[in-house]
Amino acid sequence: MEIYKGTKFKTLLTDYPNSYSEEVELLKYWCQFYSLFRLAPRHESGSFGNLSFRNSKNEIFITKTGLDLGSEISNEDFIKIENCDFEAFTLYANGKFNPSSESMLHYFIYEKRADVNAIFHGHNDSFCNKVIEKGFPETIEETPYGTIELVESVIPLINNDIFVIKNHGFVITAKSIETAGLTTKSILNLIQNTSL
Ligand SMILES: [Zn+2]
């Protein structure tokens, strides 16, 4: 996988301070969990992997770009995605920082899956291998992170609750933050049982 170079799309940030959603408290726990279980390995300016949710007001919040998921996370580290213009490769967001470099992927899935309210994306080869072993799909071709090509590559897989982005990482989509977390744990348990 290529070296992390930050967000590739253009971001238009508005109206800081951003609105707060109480679900961020729960997401903070899972950010720490992802770091602890090496599902979001560190790079030079943060961690790979990004977590998001959609609340009952249809507001989408995602971790900021370059966030170390294992650090002490504040409410400002969650950015509200307002809109996404895929043709102009531009994201409209509300917050203090640029949102995750995979925000377009998250936004696209929320648009297409009305039943999905949480998306967890992590990087871990053992985890990806186990997901594939359990029969979940993988994208066919490797695509650069943070691009429209990557978003397009997942279209055929979008109705799966877990899938792998080839040579990159995994995506879990769920009806709630809790369910996304439990799905993560269930795959981790399978890995631990195999290694015993
Ligand atoms: Zn990634």
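Predicted model: local features only at pLDDT ≥ 70, side-chain atom pairs only at ≥ 80, totals over all residues.
Local features need a pLDDT of at least 70 and side-chain atom pairs count only at pLDDT 80 or more, while totals for chains, interfaces and linings use all residues. Residues are numbered from 1 along each chain as its sequence is written, and side-chain values use heavy atoms, with hydrogens and water left out.

Let us begin at the metal. The zinc ion has His-121, His-123 and His-168 as its protein donors, each through NE2 and lying 2.1 Å from the ion. Donors here are N, O and S atoms within 2.8 Å of the metal (3.2 Å for Na, K and Ca), and water is not among the atoms, so sites may look incomplete. Along the chain, the donors follow the spacing H-x1-H-x44-H. The site links distant parts of the chain: His-121 sits in strand 8 (residues 118-122), and His-168, 47 residues apart from it, sits in the loop between strand 9 (162-165) and strand 10 (169-174). Helices (H or I, at least four residues) and strands (E, at least two) are DSSP runs, numbered from the N terminus. Both His-121 and His-168 are buried. Buried means under 20% relative accessible area, exposed means over 50%, and partly exposed lies in between (1.4 Å probe, protein chains only).

Next come the nonpolar cores. Such a core is a set of buried Ala, Val, Leu, Ile, Met, Phe, Trp, Tyr and Cys residues joined through side-chain atoms within 4.5 Å. The largest one has 29 residues, and those touching the most other members are Tyr-34, Leu-51, Phe-120, Phe-127, Phe-170 and Ile-172. Two or more residues each come from helix 1 (24-36), strand 4 (50-54), strand 8, helix 3 (125-133), strand 9, strand 10 and helix 5 (177-195). Helix 1 gives the largest share, 6 residues. There is also a second, separate core of 22 residues, which includes Ile-62, Cys-84, Leu-91 and Met-104.

Met-104 is also one of the buried residues of helix 2, along with Ser-103, Leu-105, His-106, Tyr-107, Phe-108, Ile-109 and Tyr-110. Helix 2 (residues 103-112) is largely enclosed by the rest of the structure, because 8 of its 10 residues are buried.

On a 1 Å grid over the protein atoms alone, a cavity is a set of points where a 1.4 Å probe fits but cannot get out, and lining residues have an atom within 4 Å of a point. Of the 20 lining residues of the largest cavity, Tyr-4, Ser-47, Gly-49, Asn-50 and Ser-101 are the closest to its centre. The lining has 6 nonpolar, 12 polar and 2 charged residues; Ala, Val, Leu, Ile, Met, Phe, Trp, Tyr, Cys and Pro count as nonpolar, Asp, Glu, Lys and Arg as charged, and the others, Gly among them, as polar.

Tyr-4 lies in the segment before strand 1 and is buried, with a relative accessible area of 17%. Tyr-4 and Gly-66 are 62 residues apart in sequence and 9.3 Å apart in space, C-alpha to C-alpha.

Two polar contacts are worth a look. In the loop between strand 1 (10-14) and helix 1, the side chain of Ser-21 meets that of Glu-23 at 2.4 Å. Ser-21 counts as buried because its relative accessibility is 5%. Lys-80, in strand 6, is buried too, at 11%, and its side chain makes a polar contact of 3.4 Å with the side chain of Glu-59. A polar contact is a pair of N or O atoms within 3.5 Å; within protein, one must be able to donate a hydrogen and the other to accept it, and residues adjacent in sequence count only if both atoms are side-chain atoms.

Finally, consider the backbone. Most residues other than glycine have a negative phi. Arg-38, however, has a positive phi near 60°; Arg-38 lies in the loop between helix 1 and strand 2 (42-43) and is exposed at 64%. Phe-89 likewise has a positive phi, about 55°. Phe-89 lies in the loop between strand 6 (78-85) and strand 7 (90-94) and is partly exposed, at 23%.

Notes
1 Å grid on protein atoms, 1.4 Å probe; cavity = no way out; pocket = protein on both sides within 12 Å on 5 of 7 lines; lining within 4 Å.
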